[in-house]
Amino acid sequence: SPVLTTTATPESDVGTYPISVDVTGMLASNYNIIVSNGNLSVTKAPLTIRADSTNRSYGQADPAFTYTPVGLLNNDDRNEVLLGEPTFYTTATSASKPGSYDLEVSKGTLSATNYALSFESGTIIIDKAFPSFPDGFKSTESIDYIDETGNPGTTNLPLSTPEGLTIKYEIVVGANAGVVQISGSRLTAIKAGDTLLTATIDVGNGAKYHPLAPRTIAVYVDPVEHPGMSGYPTLRDVSLQTDPVGLADLLANPTGIKAKIDGVVFGDGEMVSLTTDPGTGETLLELKDQGSVVLKIVPEDSDNYLPTAVYRGFDILPDDHPGLGGETDDPTEPTEPTEPTDPVVPDPTPPIVESL
């Protein structure tokens, strides 16, 4: 038998290699043996470039796409035999709805000396996204009962998420519903106090976003200084014979400031005593004796204001007193000092006496 040999090995690159024939050990009685060498052609091996399937959330950018070579031989290192990069293509965009999309791969600049490349598509899965509350979203919110202009205090909560989804606000069931009024994301103070809100992200029909658990916001409407109590009018004097009087009966001048008597600072029990009108609940004064009385007066709506009080005094006079009904000096207000009058100095010039 002839002996056939070649220099090609399984690791040989693509190309043509000689096949040598050795007939030293062959005999043929009727034939002359002539040697003719042949060739061995090493062709490219098939190699599949498979796009790696991947996934991302709705609204996000695509990740960096990758591939896997399938069919490498002889423990070839992909980084040594594959040069360049393939090209990827998908119809999915950042605005594409959640679902499955083809991820195609093509040759691009990819090449391999010893491999014939073919290409296999993968899949990109777009998942529903998780929305997020804005950075700095607070769990507590404070509002003044009234603002600097005397109007109800307001504050604006975040209207939407970074994804553009609307945030809805509602008063927690069972919480104080009379503290604030909600209009969209705007809170308006109704009275001083506290309440709880829930902030919920509206994900629509849920096709693009996962529902997110609501957040709770503690809202505090803070009492403020009453803007008008310092201008509360003085009180007038009254007759001892007057029936129980209310604060309105004592006013020297009309006022739009709503106030109430909070106590008697001077004269309690001696000149006056407090009683309550059973019909209206108004605090009244029963007059008992002549003298001066000082009242502590606070805003009628004192729950919404800081402890703001003014002190006003009046006199209880006899029925025939000439000053009855007149405005009383407020004992809490300093009086203007009067200028002292100059003393009368006698004229030093002696009188002229005419002689008769």
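How many nonpolar, polar and charged residues does the lining of the largest pocket have? The views below, taken from a predicted model, begin with that pocket.

**View 1. The largest pocket and its lining.** By class, 7 nonpolar, 4 polar and 3 charged residues form the lining of the largest pocket. The volume of this pocket is about 220 Å³. Of the 14 lining residues, those nearest the centre are Pro 10, Ser 12, Asn 74, Asp 76 and Asn 114.

**View 2. The second largest pocket, with helix H2 and strand S19 in its lining.** The second largest pocket holds about 180 Å³ of space. It is lined by 13 residues, and Leu 247, Ala 248, Ala 259, Lys 260 and Glu 282 are the closest to its centre. Two elements, helix H2 (247–250) and strand S19 (259–266), each give two or more residues to this lining. The largest share, 3 residues, comes from S19. In terms of class, the lining comprises 7 nonpolar, 3 polar and 3 charged residues.

**View 3. The largest nonpolar core, with the surroundings of Ala 199.** This core has 29 residues, and the most contacts inside it are made by Phe 137, Ile 167, Tyr 169, Ala 199, Ile 217 and Val 219. Strands S10 (122–127), S13 (167–171), S15 (186–189), S16 (193–201) and S17 each give two or more residues to the core. Beyond its neighbours within four places in sequence, Ala 199 is in contact with Phe 133, Phe 137, Ile 167, Lys 168, Tyr 169, Pro 214, Arg 215 and Ile 217. Another core, of 22 residues, lies apart from the largest one and includes Val 238, Val 245, Leu 247 and Leu 251.

**View 4. Strand S10 and its pairing with strands S5 and S8.** In a regular strand, side chains alternate between the two faces of the sheet. Strand S8 (residues 99–106) pairs with S10 in the antiparallel sense over 5 bridges, and Gly 99 has Ile 126 as its bridge partner in S10.

**View 5. Thr 234 in the loop between strands S17 and S18.** The loop that holds Thr 234 lies between S17 (215–222) and S18 (238–239). Thr 234 has a relative accessible area of 17% and is therefore buried, the cut-off being under 20%. A distance of 6.1 Å separates the C-alpha atoms of Thr 234 and Arg 312, which are 78 residues apart along the chain.

How values were computed: Residues are numbered from 1 along each chain as its sequence is written. This is a predicted model: local features need pLDDT of at least 70, side-chain atom pairs count only at pLDDT 80 or more; totals for chains, interfaces and linings use all residues. Side-chain values use heavy atoms; hydrogens and water are left out. On a 1 Å grid over the protein atoms alone, a cavity is a set of points where a 1.4 Å probe fits but cannot get out, and a pocket is an open set with protein on both sides within 12 Å along at least five of seven lines; lining residues have an atom within 4 Å of a point. Grid points are joined across faces, edges and corners, and a volume is the space filled by probe spheres set on the points. Ala, Val, Leu, Ile, Met, Phe, Trp, Tyr, Cys and Pro count as nonpolar, Asp, Glu, Lys and Arg as charged, and the others, Gly among them, as polar. Helices (H or I, at least four residues) and strands (E, at least two) are DSSP runs, numbered from the N terminus. Buried means under 20% relative accessible area, exposed over 50%, partly exposed in between (1.4 Å probe, protein chains only). A nonpolar core is a set of buried Ala, Val, Leu, Ile, Met, Phe, Trp, Tyr and Cys residues joined through side-chain atoms within 4.5 Å. Contact means heavy atoms within 4.5 Å. Two strands pair if DSSP finds at least two bridges between them.
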